[in-house]
Amino acid sequence: MERLGMALVGCGSALPAASVSNDQLSGRVDTTDAWIRSRTGITARRVASAEESLTVLASRAAAAALAHAGWQPEDVDLILLATSSPDDLFGSAPRVQAAIGASRAVAFDLTAACSGFLFALITASQYLASGSMRRALVIGADQLSRWVDWDDRSTCVLFGDGSGAVAVEACPGEANGLLGFKMRSDGSRNSCLTLAQLNQYEPLLEGLTTQRGGFSPIQMNGQEVYKFAVREVPAILAELLEATATDAAQLDWLLLHQANQRILDAVADRFAVPHERVLSNLAHYGNTSAATIPLMLDEAVKDGRVQSGHLLASSGFGAGLSWGGALLRWTGPQA
Ligand code: UT7
């Protein structure tokens, strides 16, 4: 069967209401606005209340993408929810499916930390390319505020909560919005960034000790992850540009995972992309993990920066370690 392309036809996002500034945080943990701003570019982050569950935020983003694409809920065949902080370890995507009334869609979670949205978008493209599904909602949503140690200044200042979604549909080759992709994992460096099981044990029977479920807060070797990002992201994007015979000068935008402004600037400099062509909103939201890329895309589409036909080089990177790149063309409507 001929392989189809994937058009990006709608987007949406949702954020918790409460914004917590660096100054507010410095009253809670030993840090300063000056340190956070100069080392990361972050000035505030959104933090979800108890009522703003992952499912609530993801469903709001998905409903917004659905409306932007002009679809009915029953048009959707597939819902992929990229998240590392589900409300339920069995998966939160089916609850999103129910919340938006997408009764025909199969819905499941995909976990790849900050690479999750990009990996989910690429996964969705394969179902569409094969002709087995026509329309998908790809959501990136995380609430790492629930999994940081608020007394650990080396991690708690970095993360925020949020959700973004993109509506994609199978299309003929000439309308294709995913022009190429690369994905990588390196589990040998897994310990650099973890949200791992607690070491809690329970003797169950003679000779059988089980482990109790539960997770310890996020632990990160920031310097190692930083070095990984500034080495691997330019390398994978260079491979992607070469594989697609694309010159960096042809790119309208760099759409990178929003972890640290210094990382965004370093990647842009490597490709001589002017900094004003690097999409950035981490000053307001911090690192929202799987949500950063669709959240940023939604903001830039809705405010008119990203226009129909624009070419974007995107990269997600983080825990796993995992990283990936995708060359995208926005093919959907504007605001
Ligand atoms: O989405 C997943 C991907 N994650 C990332 O991409 C994160 C990558 N890493 C980074 O962005 C940076 O490594 C950080 C922003 C996390 C840290 O910046 P850094 O320039 O690497 O700082 P550092 O870890 O080397 O720490 C420098 C100093 C240390 O003090 P000493 O030992 O020099 O006295 C830290 O204890 O800064 C101290 N420090 C802080 N001070 C005030 C660490 N966190 C804080 C803080 N406030 N929040």
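How many nonpolar, polar and charged residues does the shell around the ligand have? By class there are 11 nonpolar, eight polar and four charged residues; Ala, Val, Leu, Ile, Met, Phe, Trp, Tyr, Cys and Pro count as nonpolar, Asp, Glu, Lys and Arg as charged, and the others, Gly among them, as polar. This is a predicted model, in which local features need pLDDT of at least 70 and side-chain atom pairs count only at pLDDT 80 or more, while totals for chains, interfaces and linings use all residues. Residues are numbered from 1 along each chain as its sequence is written, and side-chain values use heavy atoms, with hydrogens and water left out.

The ligand is surrounded by 23 residues, the closest being Thr31, Gln223, His257, Asn260 and Asn287; a residue is near a molecule if one of its heavy atoms lies within 4 Å of it. Domain 1 (5–175) and domain 2 (178–190 + 217–329) both contribute to this shell, so the ligand lies between them. The domain bounds come from an automatic or database domain assignment.

Helices α2 (33–40), α6 (153–156), α7 (222–243) and α8 (261–270) each supply at least two shell residues, and α7 gives the most, with four. Helices (H or I, at least four residues) and strands (E, at least two) are DSSP runs, numbered from the N terminus.

Polar contacts are pairs of N or O atoms within 3.5 Å. A polar side-chain atom of Asn287 is 2.6 Å from an oxygen atom of the ligand. On the backbone, an N or O atom of Arg153 lies 2.9 Å from a ligand nitrogen atom, and a polar atom of Gly222 lies 3.0 Å from a nitrogen atom of the ligand. Taken alone, the ligand exposes 960 Å², of which the protein buries 74% (Shrake-Rupley method, 1.4 Å probe).

Two backbone features remain. Most residues other than glycine have a negative phi, and most peptide bonds are trans. Ala113, in the loop between β5 (106–110) and α5 (116–129), has a positive phi near 45°. The peptide bond from Gly320 to Leu321 is cis, with omega near -10°, and Leu321 lies in the loop between β14 (311–318) and β15 (322–329).

Terms used: Polar contact = N/O pair within 3.5 Å; in protein donor to acceptor, adjacent residues only side chain to side chain.
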